[in-house]
Protein chains: 2
Amino acid sequence: MTSTEPGPVYRDIREYLAELDRRGLLRRVTRETNKDTEVMPLVRWQFRGLDAAQRVGWLFENLTDSRGRRFDASVAVAILGASPQVYAAAMGVDAVEEIAANWLHAQQHPIAPVTVTAAAAPVKENIITGSELVDGEGVDRFPVTVTNPGSDASAYFSAPIWITKDPETGVYNAGTYRVMVKAPDRLGVLMLSGQDGRAHWEKARALGRPLEAVLVLSPPPALSLCSVNKLDLSEYDVAGALNRAPLELVDAESVDLLIPAAAEIAIEGRFRTDILEMEGPFGEYGGYVGAHDYQMVFEVSAITHRSSPVLQAFISEMPPSESSMLRKFGFEGFLTNELAAKSPNLRKVSILQIAGSAQVAVIELHNPAPGEAWNTLRAAAAARNVPAFKWLVAVDDDIDSNDLDSVMWALAWRVQPHKDVQIQRGRNTDLDPSGAPVDASFSARTYPDGLGGSQILIDATRNWAYPPVSLPSKDLMEHAKQIWEDELHLPTLTPRAPWHGYELGYWPERWARAAQQAIDGQYLDTGKEYETLRTLSSYFDDGIVREPAKED
Amino acid sequence: MTSTEPGPVYRDIREYLAELDRRGLLRRVTRETNKDTEVMPLVRWQFRGLDAAQRVGWLFENLTDSRGRRFDASVAVAILGASPQVYAAAMGVDAVEEIAANWLHAQQHPIAPVTVTAAAAPVKENIITGSELVDGEGVDRFPVTVTNPGSDASAYFSAPIWITKDPETGVYNAGTYRVMVKAPDRLGVLMLSGQDGRAHWEKARALGRPLEAVLVLSPPPALSLCSVNKLDLSEYDVAGALNRAPLELVDAESVDLLIPAAAEIAIEGRFRTDILEMEGPFGEYGGYVGAHDYQMVFEVSAITHRSSPVLQAFISEMPPSESSMLRKFGFEGFLTNELAAKSPNLRKVSILQIAGSAQVAVIELHNPAPGEAWNTLRAAAAARNVPAFKWLVAVDDDIDSNDLDSVMWALAWRVQPHKDVQIQRGRNTDLDPSGAPVDASFSARTYPDGLGGSQILIDATRNWAYPPVSLPSKDLMEHAKQIWEDELHLPTLTPRAPWHGYELGYWPERWARAAQQAIDGQYLDTGKEYETLRTLSSYFDDGIVREPAKED
């Protein structure tokens, strides 16, 4: 137990919801709301109709469904990734700026979990096993939402934490793989090749055994943040570090696994490794409906849950969404950690939400050494990510890698495509509809032509010294801002970088002299000086300076 | 004369300023303001600190300079391109949506100019010639602004209209080429290779003659809109069409050219074609300070001007700026006209301001035929533009080509780089600092390696039918919007496309059936159906369906 240590950031999701409320970041809906047709369209509007700063988490406390059922449970949507502010709250930090450092620190200082007894585990308040499972509603007793009514094939658990152990090493993994509700005791699951859960499943399959697993729902938020991320450490240990206290685990009822004691719901069972079953389609993180294909089957052996549970749901698919926000911050933390060792001048990694926080990464470097931009791009291309990034762009750190306008400015003026762009194949195209038509064969969709899809790497850093950014000097812009505000009383300014000129390595003394003469109104003196600098117009043909005869 | 015809949209710039005032789009500054150090920093703030919708045109009515002079003249800045609304006002249309159609119509229905007598020409109110030119202040009498004090080498005329005639054909051109103030009777001018004015100069040079020209300032706005654009017709004729009345021209005093009678200022003279002179550096449209190099010399022979003239200035360089707005709308009109004949399914062309409205174009196509996207990209790559576009992207018309987020979504999920990207050399790199270091030779900077810089063409259209965009169906989103507004009274929504799911060609009947069952809450029926669709797990290895034995 942790009673003598400083307490965790959040003991469970209920403590976290109270904090969200305190921060003014939770919207409670007491109106009767249909989980199949109304919950997700409502929350979706805030991603398609409000600015990020206006988005909050939602708690639906009065639920019904299309069958007219009522639920002794609530649904929490977008409570981790509605906005950067909400994400900061989930981490227990005050400011968005602390997120990246907090991720780095947690990866570098993991905290191992502790085990507690079932009596001390809220998730054991209700235990459902045996015939009660199928005779009752089983997994169908919970208000599982339909995320994209109109195209999704079923209700699905959208914020699942799958707990598995490596069949060979016993190392735990917690991964987020979406879950189709098929029967009271049967679920369909999609785990992509390259994901840790899939690796465990493949090992069990090779051993000729099913894979034991527990589907954990609504654990303390730190574990959810880890589960959607790629980590080289056990998610239990990093979640403890993020939560600033060891995660409390408890034995599952019907399988040999330790699960979070403070989760709201745990669904235990086994993955079949001998057969697959039809699954989907559902929306995918790129914003398109995915494939209808054979995927894994999970057979339920027990359910335990807190009374009146809170069922957490991620709102995902069409970016920007909650899921793209979670992946963005999580992958940025992971990638920064991975690249920092290789690139001494790395400043920042930004993963673009609009591309599903998976396809496009922009990397800021400060005065990179020759070759460093390419070393960094190659390391990022090789980073553990499912699938690998499609677009990787290196920029100088005067570019704001999170601002597409700023990145596009770099692409326009710091790139010569024939030198600064490289394309390479060998990329997995799972869930990428540009890989192959959706009704093509499984292998064509996931690895076309036997050669795979491709990545494009772009070095958009300056390859040499540039002349300055052409804006008025900082002091004159500050002076003008005073006139703007104090004398003219014009609309409030929100300065956007760059808002003044700055040097980029090339600024000869005689340019500086002319610039000063212009400020002083003495530019005719510059004109006089230039009159002595003449050449024949053949210069335009061959670039050779030939002094004109004297009378010119 | 045009007295029996419907009048022009704007007879002169003064009528236009009155209309801007009426629309609430003009800010008059009566405070004493220094043209060298204060005017441009003030206007610059609105481009680096206000949203586009808040930006307006400015009129400085009380000017001084760093030498302490005062001016019987005012300076108008950003009066054509402060915002899309201001641009619409300059065209004399009410809505931004009318701009593209108005450009197309004007190019297709040009109106030839008429000539008037000097007595009817306001630009002849004051005539300065001979010794008065040099003994007085010459061109230095006008309040020529310093655009980027701190890096610009001199004051320069930033909104110049250069009138020249083709020495062989006599066809007129009006082009915008920036003008360094060097002496009362001497100016420096940069005309890039590929520009019409440069072609006239090269022809005069080949004939061993100087090139006569008139620098026209503050003409009726229609001519300025044409002058910054690329047109295949005489700017005089298209300006007449935009102004809905023939442009009125008058003979120049000292050269054989017809110039706009209602301009505020005309500076007449000859370009030397035998010699070049040092010029610059000034900020360029990419946002960087350009080169210090040998450029053309213009020798002044006469000045005519209205009393108390309005000197127009463009605020340019670091995009977005007035110049990038002018180029954007102008080039879009030109390119749409040029591509429409070649691409039957062309819907829209968007030129991105942040790239200086020169380097990046995005082309929307509606269900393009096989090959049409590449035909269109090739035609755009070959379009008359100085220099050619660096990034050319074709997208489907469900993408908003003006919205970088939307374009990035297409680049992420509708592109396989090895198939959909082509890079080609042979691009002029004038003013592009990525072409070569700024102190490299003239030829290295303008056409490196003897092979030139490069363009990158990207087909980001779907290459085959895609499954639908994964968002809730339109009716459920509309229903949720009603709940949002009428029952929950939540913050006002600004819907951003896409805000509901839509089909993209692939939507089989059995997917639609499952989706309907999910809406109806009958997804366990789908689960039952899928239980009959199983395969051995070897499917993950080879994609071959092998039905399991019955007991599975």
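1. Let's start at one residue in this predicted model: A:Glu168 is exposed, with a relative accessibility of 55%. Its salt-bridge partner is A:Lys203, with 3.3 Å from N to O. A:Lys203 counts as partly exposed, because its relative accessibility is 25%. The two residues sit 35 residues apart: A:Lys203 belongs to helix H6, while A:Glu168 is in the loop between strand S9 and strand S10 of chain A.

2. Now look at A:Asp396 and A:Arg462, another salt bridge, whose closest N and O atoms are 3.3 Å apart. A:Asp396 is in strand S22 and A:Arg462 is in the loop between strand S24 and helix H14, so this pair ties together parts of chain A that are 66 residues apart in sequence. A:Asp396 is buried at 4% relative accessible area, and A:Arg462 counts as buried at 18%.

3. Over in chain B, find the salt bridge between B:Asp140 and B:Arg69, with the closest N and O atoms 3.5 Å apart. Both residues are buried. Each lies in a loop, and the pair ties together parts 71 residues apart in sequence. In chain A, salt bridges with shared partners join A:Asp65, A:Arg67, A:Arg69, A:Glu137 and A:Asp140 into one network. Over all chains, the count is 97 salt bridges.

4. Finally, how do the two chains relate? Chain A superposes on chain B by a rotation of 180° with 0.0 Å of shift along the axis, at an RMSD of 0.1 Å. That is the relation of a two-fold axis. In chain A, the C-alpha nearest this axis belongs to A:Leu404, 3.4 Å away. The same surface serves both copies, as 99% of the contact residues of chain A recur in chain B.

Terms used
Residues numbered from 1 in each chain as written. Chains lettered and ligands numbered in written order. Predicted model: local features only at pLDDT ≥ 70, side-chain atom pairs only at ≥ 80, totals over all residues. Heavy atoms only, no water. Least-squares fit on C-alpha atoms with pLDDT ≥ 70 in both. Contact = heavy atoms within 4.5 Å. Salt bridge = Lys/Arg side-chain N within 4 Å of Asp/Glu carboxyl O. Helix = DSSP H or I, 4+ residues; strand = E, 2+ residues; numbered from the N terminus. Buried < 20%, exposed > 50% of the residue type's maximum accessible area, 1.4 Å probe, protein only.
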